[in-house]
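Trainee: I have a model to go through. Can we start with a charged pair?

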Amino acid sequence: GGSSDNCSIVSRTLNTSTFSVENLGENLVELTVEDEAGNRAMCTARITIQDTLSLIATCKDTLVYLGIDGQVILDANLLIDALTHAFYPYELILDKDTLSCDDFGENSLLLTVSDTTGRTATCMSSVRLQDTLKPEALCKNVTLYLDTTGTTNLSISDINAGYTDNCSVVSLNIDRSVFTCEDVGTHTGIWFLYFFVFGFSGNG
């Protein structure tokens, strides 16, 4: 190869000198050579463009919250911190894209990036799952009667009219369960009690 002239060459010009991923494979490039007398000559070369760069993925950690249905669907795009050499359309795949009550706390998830050329990259993300939704409790009114010892006991089932939670309820409590003669009359037999319901994550 090379260019020559009986005098001197003053210019060598390519019709294309910049290539991108859209030019992968063979490309025809024209070279124009001109000497000092203005004479020109042209030739064509086949330029092959290859991409040998590896796809690199970097993940980031994140915090997510359970929904009212007791689960959360993860968006893989929120776990990607950076993608290097991502020149082509790609797909993100999580080894687990839905978290539920059983996944409370830290979860190590594998994210795989795959592009249309068949290249893949993986990274790990730590996803912390929290539940901030409090359970709901329903109470019912109850009338208690003192026994021969002047006392009476209130059980949870006496005032429990139902409860709901996005996961499971682990404990039921009331703030007072024993009443005596001293409680009669002052409040005309009506007391305001607190009925506590605690969800699996400690919400109450």
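Predicted model: local features only at pLDDT ≥ 70, side-chain atom pairs only at ≥ 80, totals over all residues.

Trainee: Asp 103 forms a salt bridge with which residue?

Mentor: Residues are numbered from 1 along each chain as its sequence is written, and side-chain values use heavy atoms, without hydrogens and water. A salt bridge needs a side-chain nitrogen of Lys or Arg within 4 Å of a carboxyl oxygen of Asp or Glu. Here the closest N and O atoms are 2.7 Å apart, and the partner of Asp 103 is Lys 96.

Trainee: Is Asp 103 buried or exposed?

Mentor: Buried means under 20% relative accessible area, exposed over 50%, partly exposed in between (1.4 Å probe, protein chains only). Lys 96 has 35%, so Lys 96 is partly exposed. Asp 103 has 10%, so Asp 103 is buried.

Trainee: Which residues does the network with Arg 119 join?

Mentor: Arg 119 and Asp 115 meet through their side chains at 2.9 Å, N to O. Arg 119 is buried at 14%, and Asp 115 is buried at 7%. Salt bridges with shared partners make one network of Asp 51, Asp 115 and Arg 119.

Trainee: How many salt bridges are there?

Mentor: Another one pairs Arg 40 with Glu 34 at 3.4 Å, N to O. Arg 40 is exposed at 63%, while Glu 34 is partly exposed at 21%. By this rule, the count is six.
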